[in-house]
Amino acid sequence: MADEVIITPTQNGPNLIKGRVRIVWPSGNEILTNGTVSLCRCGQSQDKPFCDGTHAKVGFKSVEGDETAHREQVAPKTVA
Ligand code: FES
């Protein structure tokens with residue numbers, strides 16, 4: 001699927017977002033990516049929402065199994 005976006009939570013690291021994605025800040029600034037971008041999920045990046053590698057320095061550990069969850073194991077969530 002050409003417009004498909006793939007989000008991959010990495011083990012003890014960022015979410016990798018692959019595809020054409022628009023990131024919009026509350027200020028209205030935005031960027032359009034068309035490739036792979038790493039978004040922080042440890043909360044420690046100094047360049048949020050992007051990963052800057054700090055997760056490794058702070059020893060971030062992802063929740064066991066969340067990188068390997070399958071669609072059948074995760075209940076769909078509706079975004080309001
Ligand atoms: S996941 Fe890499 S700095 Fe947070």
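**Entry 1: Asp-52**

I began with Asp-52, which is partly exposed because 14 other C-beta atoms lie within 10 Å of its own, a count between the limits of 12 or fewer for exposed and 20 or more for buried. I note here that the model is a predicted one. I then located Asp-52 in the chain and found it in the loop between β3 and α1, the helix spanning 54-58.

I next looked up which residues Asp-52 touches, leaving aside those up to four places away in sequence. The contacts are Ser-45, Gln-46 and Asp-47. I also checked Asp-52 against Cys-40: the two are 12 residues apart in sequence, and their C-alpha atoms are 7.7 Å apart in space.

**Entry 2: The chain as a whole**

I turned to the secondary structure and recorded 1 helix and 3 strands in the protein chain. Along the sequence these elements follow the pattern β-β-β-α.

How many of the residues count as buried? I found that 5% of the 80 residues of the protein chain do. I also looked up the contacts with a separation of 6 or more, and 28% of them join residues 24 or more positions apart.

**Entry 3: The sheet**

I examined how the strands are arranged. They form an open sheet of 3 strands in the order β1-β2-β3, and the pairing is antiparallel. Strands β1 (6-9) and β3 (30-39) stand at the edges; each has a single partner strand, so one side of each is left without a neighbour in the sheet. From one strand to the next, I recorded an average twist of 35 degrees.

As background, I noted that strands of a sheet pair through backbone hydrogen bonds, in either a parallel or an antiparallel manner.

**Entry 4**

I then followed the pairing of β1 with β2, the strand of residues 15-24. These two strands pair in the antiparallel sense over 4 bridges. Which residues stand opposite each other here? I found Pro-9 opposite Asn-15 in β2, and Thr-8 opposite Leu-16 in β2.

Last, I looked at the connection within this hairpin. There are 5 residues between the strands β1 and β2. In this hairpin, Asn-12 takes a positive phi near 60 degrees.

Key. Residues are numbered from 1 along each chain as its sequence is written. This is a predicted model: local features need pLDDT of at least 70, side-chain atom pairs count only at pLDDT 80 or more; totals for chains, interfaces and linings use all residues. Two strands pair if DSSP finds at least two bridges between them. Axes are lines fitted to C-alpha atoms, for helices over the stretch in contact, and angles run from 0 to 180 degrees between N-to-C directions. Two residues are in contact if their C-beta atoms, placed from the backbone, lie within 7 Å.
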